[in-house]
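Thanks for joining; I would like to take a few minutes on one structure, and please keep it open beside you as I talk.

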Amino acid sequence: MKIILASNSPRRKELLERIGYEYTVKPTEIDESTSIIDPELMVKDLSYKKAMAVVELEKGKLESDDCVVLGSDTVVSIDGCILGKPIDEEDAFEMLKRLSGKSHIVCTGVSLIPLWDIKKAVTFSETAKVYFCKLTDDEIWKYIMSREPMDKAGGYGIQGLASKFIEKIEGDYYTIMGLPVCRTYKELKKLAE
């Protein structure tokens, strides 16, 4: 079974490679604005929209129907407020200042749409809790100057330079990276049966 990844995320590519799946990348642009405020419902909805955009775009063009389109979306939520990707450096600073010394949740939604029968599509979400140490303004600005926070939900990447800010996590590390590997693998196995 081949995967069509509806994302340009280097982290998701890396995680799919780790679990041994062949994949092609076909990201599409979707309107990510939403009125959904529940993080789990939001990431499920956005992951499905991303996957379906690829299905619609590629309908009839694909050589093989042994493909599954994988869409995924990740958000950070703290005190009932969802933090997406920062729009600029000031936004990144505000996000990281808000996370400093507190815990927050990271929620990743995944949609798997088999091209041989899109009615068998599966959408799920996984949530993890992340505890940040207390950060000084100087630490935050040094991190922002690395440019790492600028394309990541909540303004940080747990697998990169921000790893030094993480006191502990509860839940799946890979959910925080942007793809809950074990759950994704289990769901792909079910689709292949």
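I will go through a pocket and then a pair of helices.

This is a predicted model, in which local features need pLDDT of at least 70 and side-chain atom pairs count only at pLDDT 80 or more, while totals for chains, interfaces and linings use all residues. Residues are numbered from 1 along each chain as its sequence is written, and side-chain values use heavy atoms, with hydrogens and water left out.

The largest pocket holds about 710 Å³ of space. Lining it are 36 residues, and those closest to its centre are Arg-12, Lys-50, Asp-73, Lys-85 and Asp-151. By type, the lining has 16 nonpolar, 11 polar and 9 charged residues. A pocket here is, on a 1 Å grid over the protein atoms alone, an open set of points where a 1.4 Å probe fits, with protein on both sides within 12 Å along at least five of seven lines, and lining residues have an atom within 4 Å of a point.

Turning to the helices, α3 (residues 89–99) and α4 (residues 137–145) pack at about 135°, their axes 10 Å apart.

Definitions and conventions. Points joined across faces, edges and corners; volume = space filled by probe spheres on them. Nonpolar A, V, L, I, M, F, W, Y, C, P; charged D, E, K, R; others polar. Axes fitted to C-alpha atoms, helices over the stretch in contact; angles between N-to-C directions. Helix = DSSP H or I, 4+ residues; strand = E, 2+ residues; numbered from the N terminus.
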